[in-house]
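Hello,

Here is the structure I promised to pass on. Please open it first, then read my notes below.

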Amino acid sequence: MNNSFENHIADNMEEIRTLQKGLVNEMLQPDVLRFTEQPLSVSIKFPVLEWEANKVGNIHGGIIAAIADMTAGVLARYCAGENFAPTASLDIKYVRPAKVGDVLVATARLVHAGRRIIQQTVDIVNMETGKTVATGAVMHLSADTDKEHRAEE
């Protein structure tokens with residue numbers, strides 16, 4: 001973890017805006033609200049957009065999962081350092097719907113960062129009402145991609 005957490009978050013958001021242009025993470029229009037280093041956490045807000053809706057006008061559950069995964073991924077990538085941090089497990093509990101026009105705030109909190117496993121919790125709330133939309137637990141791997149490639153040879 002040679003980079004400051006603040007710089008890491010700024011780099012992540014810049015990568016999403018530029019290198020991931022037109023991909024789902026950029027299309028979610030994330031905007032960092034706050035973060036803390038002790039304990040390690042990040043809160044990102046997301047507008048609920050028309051393209052994210054199901055047939056009744058509520059946000060699709062898969063979009064909620066993507067929001068949780070992306071938010072937790074910011075912490076995982078920081079903890080993994082130079083390693084790749086793919087998602088290994090994502091468990092979402094849906095509590096109540098959100099509709100197009102709402103703004104959601106996803107907060108990821110680090111539970112544990114080991115040598116190979118990074119565990120986080122995520123809470124997603126409606127910014128206007130403060131009510132919980134979903135909660136989750138996310139596990140990422142810290143994978144040394146160079147070492148993994150050498151093992152395949």
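**Helix α3**

Start with helix α3, residues 61-80. At 1.5 Å a residue, its 20 residues should span 28 Å, and the end C-alpha atoms are 28 Å apart, so expectation and model agree. Keep in mind that this is a predicted model.

α3 also has a bend. The angle is about 30 degrees, and the bend sits at Gly73. Of the 20 residues of α3, 15 are buried, so the helix is largely enclosed by the rest of the structure.

**Ile16**

Next, go to helix α1, residues 5-18, where you will find Ile16. Is Ile16 buried or exposed? Its relative accessible area is 4%; that is under the 20% cut-off, so Ile16 counts as buried. Which residues does it touch, leaving aside neighbours within four places in sequence? Ile16 is in contact with Lys21, Asn25, Glu26, Pro30 and Met70. Val95 is another matter to check on screen. Ile16 and Val95 are 79 residues apart in sequence, and their C-alpha atoms are 28 Å apart in space.

Last, helix α2, residues 24-27, holds Val24. Val24 has a relative accessible area of 41%. That value lies between 20% and 50%, so Val24 is partly exposed. Together with Met27 and Trp51, Val24 makes a nonpolar surface patch of about 260 Å².

Best wishes

Conventions: Residues numbered from 1 in each chain as written. Predicted model: local features only at pLDDT ≥ 70, side-chain atom pairs only at ≥ 80, totals over all residues. Heavy atoms only, no water. Helix = DSSP H or I, 4+ residues; strand = E, 2+ residues; numbered from the N terminus. Buried < 20%, exposed > 50% of the residue type's maximum accessible area, 1.4 Å probe, protein only. Contact = heavy atoms within 4.5 Å. Expected span 1.5 Å × (residues − 1). Bend = angle between axes of the 7 residues up to and from the residue. Patch = residues over 30% accessible without salt bridge, like charges linked within 9 Å, V, L, I, M, F, W, Y side chains within 5 Å. Areas by Shrake-Rupley, 256 points an atom, 1.4 Å probe, with all protein chains shown as cover. Salt bridge = Lys/Arg side-chain N within 4 Å of Asp/Glu carboxyl O.
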